[in-house]
Amino acid sequence: MKLTLSRLVSSLALFVCAFAVLSTCAQEGPLENTPPKDVTAEEVIQRFAAKEKEFKQARDQYTYRQDVKVQVIDGETVVGEYHEVFDVQFDDKGKRIENVVFAPQSTLEQGNLSMDQGDFEDIRHRLPFVLTSDEIGEYNILYVGQQKEDELNCYVFDIAPKEIVGKKRYFQGRLWVDDHDFQIVKTYGKGVPDITDSKKKGKEEHLYPKFTTWRQQIDNLYWFPTFTRADDTLHFKTGDIHLREIVKYQDYKRFGSNVKILFEGKELPKDQKPGQTPDQKKPDEQKPKQ
């Protein structure tokens with residue numbers, strides 16, 4: 001997020017270690033400092049990272065609708081808002097596209113704030129954060145214990161980038177990994193780094209809010225992001241700005257009959273529904289005994 005005021009002065013401190021994370025969900029149990037059962041923390045990391053790679057490939061083969069709302073709050077009053085709804089689809093050549101279905105004129109400037117490229121990158125990549133086996137080498141990952149999320153027992157990890165390379169953006173925060181499926185079911189943190197652009201006249205600050213993203217199981221296979229919420233105060237040098245952000249991911253649908261969906265590294269047969277075992281027959285194939 002960028003202030004629209006002209007006089008901005010700040011200093012930048014890059015985050016390179018995990019920060020303290022507050023509880024953001026009423027359904028959380030207490031965090032217990034106990035080791036994983038029958039598996040090491042490193043094995044959990046390797047297993048969920050492998051599942052994340054499958055998840056990323058699978059989600060790229062689904063269509064869905066994303067509803068993004070960003071608000072500047074003064075007390076209880078919304079003084080500026082950005083709202084966009086777009087469908088993630090495929091064109092007739094199978095290329096992934098975004099089709100905007102609702103995008104009124106932004107009024108964030110009325111709250112002295114504007115969206116920058118980092119915000120749009122975070123909305124598409126950091127909020128639905130994915131940490132695959134190809135990317136874990138870029139992060140320090142610390143096991144911190146076990147915690148209940150609703151009915152799920154989860155392993156909890158804090159992560160932070162080992163270093164900031166060029167203009168690349170990263171995630172820093174906390175992950176909750178289901179101890180049964182070894183998939184990430186919740187994330188809390190922010191996109192980093194915050195940036196001071198000293199080349200701009202008067203300098204500019206680019207600050208980003210902390211957020212929580214919840215996932216739900218889709219097609220009895222993968223835990224896809226379904227809801228993100230941020231309610232944070234950005235501490236600009238010229239003053240604080242209270243920001244609220246809601247992102248909804250809806251109507252996940254598997255695209256095309258020729259799309260390959262992998263589960264645990266294996267392709268699902270075309271006549272097998274996601275989550276269905278090979279020996280399970282379709283309902284219309286099950287006949288009562290005579």
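Residues are numbered from 1 along each chain as its sequence is written, and side-chain values use heavy atoms, with hydrogens and water left out. Because the model is predicted, local features need pLDDT of at least 70 and side-chain atom pairs count only at pLDDT 80 or more, while totals for chains, interfaces and linings use all residues.

Helices (H or I, at least four residues) and strands (E, at least two) are DSSP runs, numbered from the N terminus. Two strands pair if DSSP finds at least two bridges between them. Ten strands form an open, antiparallel sheet. Their order is S4-S3-S2-S14-S13-S12-S9-S8-S7-S6. S4 and strand S6 (139–149) are the edge strands, and each pairs on one side only. From one strand to the next, the twist averages 20 degrees. Eight antiparallel bridges join S8 to strand S9 (residues 184–192). Within this sheet, Tyr 170 has Val 192 of S9 as its bridge partner.

H1 touches several strands, among them S2, S4, S6 and strand S7 (152–161). The direction of H1 makes about 100 degrees with that of S13. H2 touches S2, S3, S4, S8, S9, S12 and S14. Its direction makes about 50 degrees with that of S3. Axes are lines fitted to C-alpha atoms, for helices over the stretch in contact, and angles run from 0 to 180 degrees between N-to-C directions.

A pocket is an open set of points with protein on both sides within 12 Å along at least five of seven lines. In a cavity, a 1.4 Å probe fits but cannot get out. Lining residues have an atom within 4 Å of a point. Points are joined across faces, edges and corners, and a volume is the space filled by probe spheres set on them.

The largest pocket holds about 580 Å³. It is lined by 26 residues, and Lys 56, Arg 124, His 125, Pro 128 and Val 130 are the closest to its centre. H2 supplies the largest share of this lining, four residues. Helix H1 (41–59) and strand S3 (77–90) are among the elements that each give at least two.

One cavity of 30 Å³ or more is present. The largest cavity holds about 70 Å³. Its lining includes Met 1, Asp 119, Tyr 208 and Glu 245. H2 again gives the most, with three residues.

Key. Contact means heavy atoms within 4.5 Å.
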